[in-house]
Structure formats: C-alpha cells, structure tokens
Amino acid sequence: MNITICCTDTKTEPWVAGLRAALPGAHVSVWQPGAPQADFAVVWAPPQQFLDEQPGLKVLFNIGAGVDALLRLRLPPGAQVVRLDDAGMSVQMAEYVCHAVIRHFRELDAYEADMRGGRWGYRKPRLRSEFTVGVMGLGVLGERVARALAHFEFPVLGWSRSPKSVPGVRAFEGAGQFDDFLAASRVLVNLLPLTPETENLLDRATLSRLPAGAYLINVARGAHVVEEDLLELIDSGHLAGATLDVFRTEPLPAGHPFWNHPRIVATPHTSARTLRDESIAQIAGKIAALQRGEPLAGVVDRERGY
C-alpha cells in the first residue's frame, strides 16, 4: 500500500511520521514530480501536475473542511474524494462562532471602546429571546455550532438544502423556506460549502432580507459574500456589522476596507484549523475500513460539491 502526501504550505514531515506510525505496513512518502504511483493521497491544494501523474489513485483525503478548490481541478476519474469528519475542527468552530455571537449580543466591543476611552457606563441588557441566530449549513461543523449556541439559550434556526434534524434547533430547508429563515435571523452564521449554487449567495438581495440591525458571521468561504454589497449594507445601517474569517483574496490585501472598518471584525482564516494527530488517526481508520470492505464516511459527491 502506497500513500503519497501533497500538501501546499504544510510541513509534510510530521504527516509522514504520523502515517507511518499509524499504518506500519504502508509505504508513505512526499510526492515529487515523477514519483511512483500511489494508492492513497493526503492532499491540500495540490497542483494539477500531481493529479495528472497519479491517475491510479483510489482515494484523495482532503485535510481541510472545504473541497471546492480541489473539485475545480481535473481529478483521476476513479478516485474518491473524502473529507475528514471533524479532525478537531468542530469544537474550534463552535468556540469561534459563540464568541462572535456573544461579543455582539453583549456589546462587548462597545464596552471595550468605552474603557479605552476612559468611560465607565452601562447599556440596557438585550433580550436573548429577541436574538435569534440562524445557521446556514448543518453538516458536521454547522450542527456542532448550532448545538453550542442552543446551550447558551439563544433561539437557534438552521437552514440546509435537504431536511436535517438537530435537537433544540428549528429547521428550515430548501429554496422555498430560505426567505423565511433569513427574515427570522437576527444573527446569520454562514457554514455552507462553496458550490456554483452558493457562490455570491450573500449579496445585496439576500442580506437585505435579514431584519434591520442583523449581524453576519462568515466562517465558510469568502466567495459566498459580495463584499461591496456587504459594506454598503453595513454603512447604510441595515446591518449592524460582521465578523469575517474568510475572504475572496487571502491574505486580505493591504488597503482593503475590511481592515479598518469600525463595525467589521476580521481574522486570518483561523476559526477552525485542522489538527494533525486527529486527522492522521481518521485517515488511518478510513483506509483500514476500506481494506475491510466497509463503506467510507465523508465521501464527497462531485456533482453536489460536498
């Protein structure tokens, strides 16, 4: 069994050592042009040359949450693309989103500004019952986020393309219920996969359906948001602000208006990072399951894009 690793901007040596320890019978190596054929690949942002030179791959294990960039490449026709089930990302995502929601709900940004300005003052507490949080996308990460928000007793809504059931979450599904979901969301959290159908989904029309004073948290992909529309809706007062962890161009270019906007919090795509040890254990487990003839969890539907 041959496993090759092709991960851009990632230290590969620990992955090699970890996979060799987890799969003692496997030959694990870092891909180089002209390398022998492999059975399995662990990838992140691989070049097209890698895929062209490895037509016999059975499975591509993608070590990030999103597979949109990978699916834009020409993949080996017989290879399955497999997402990691969690790899320690869901609890990080829940932390990040809950922090962003609570910071906005409790007006902690305003208190921080007051204290920096030497002002001691109070604000009228907001009613939690009026702060409904809508989570777009109820996959592994979205479900964990929704459950965490419900733990803090926020009213939580969830929207997904197909029916989903999450305890404590009011579910909406499909295009027919999308507008009702938006109209009821005081805070909108985006955790959708990026597909041709969801690219530019968060534009002026969609964001305008949120109630006045709503707040956006985007932790999915930058291409979901039409940046000019978001800025105009914040500056007009229709939206109270946004917390953004992902952007159309990363790193965020110098001089971009998101850097210094007083009602935008920007972080450098760090809401949920892949944890190597958990990822290696999952990959080893999935390969072992495949060798036993068991079905794989996390197989990506190339047509749907997730």
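1. Let's start with the surface of this predicted model. Met115, Trp120 and Tyr122 make up a nonpolar patch there, and their accessible area together is about 500 Å². Tyr122 sits in the loop that runs between helix 5 (108–116) and strand 6 (133–136). With a relative accessible area of 70%, Tyr122 is exposed, because the cut-off for that class is over 50%.

2. Helix 4 is worth a look next. Its 17 residues, 89–105, reach 24 Å from the first C-alpha to the last, close to the 24 Å expected at 1.5 Å a residue. Of these 17 residues, 13 are buried, so helix 4 is largely enclosed by the rest of the structure. If you check the backbone just after helix 4, you will find Glu107 with a positive phi of about 55°.

3. On the record side, an unreviewed UniProt entry annotates residues 100–271 as "domain: D-isomer specific 2-hydroxyacid dehydrogenase NAD-binding". In the model, the end C-alpha atoms of residues 100–271 lie 11 Å apart.

4. A friendly word on the cysteines: how many disulfides does the structure hold? The count is zero. Cys6, for one, is in no disulfide, and the nearest cysteine sulfur, that of Cys7, is 6.9 Å away. A disulfide would need the two sulfur atoms within 2.5 Å. Cys6 counts as buried because its relative accessibility is 9%, where the class requires under 20%. Cys98 is buried too, with a relative accessible area of 6%.

Conventions: Residues are numbered from 1 along each chain as its sequence is written. This is a predicted model: local features need pLDDT of at least 70, side-chain atom pairs count only at pLDDT 80 or more; totals for chains, interfaces and linings use all residues. Side-chain values use heavy atoms; hydrogens and water are left out. Patches are made of residues with over 30% relative accessible area and no salt bridge: like charges are joined within 9 Å, nonpolar side chains (Val, Leu, Ile, Met, Phe, Trp, Tyr) within 5 Å. Accessible areas come from the Shrake-Rupley method with a 1.4 Å probe; for residues, only the protein chains shown count as cover. A salt bridge is a side-chain nitrogen of Lys or Arg within 4 Å of a carboxyl oxygen of Asp or Glu. Helices (H or I, at least four residues) and strands (E, at least two) are DSSP runs, numbered from the N terminus. Buried means under 20% relative accessible area, exposed over 50%, partly exposed in between (1.4 Å probe, protein chains only). UniProt positions are given in the numbering used here, feature names are shortened, and annotations may be inferred rather than shown by experiment. The expected span of a helix is 1.5 Å times one less than its number of residues.
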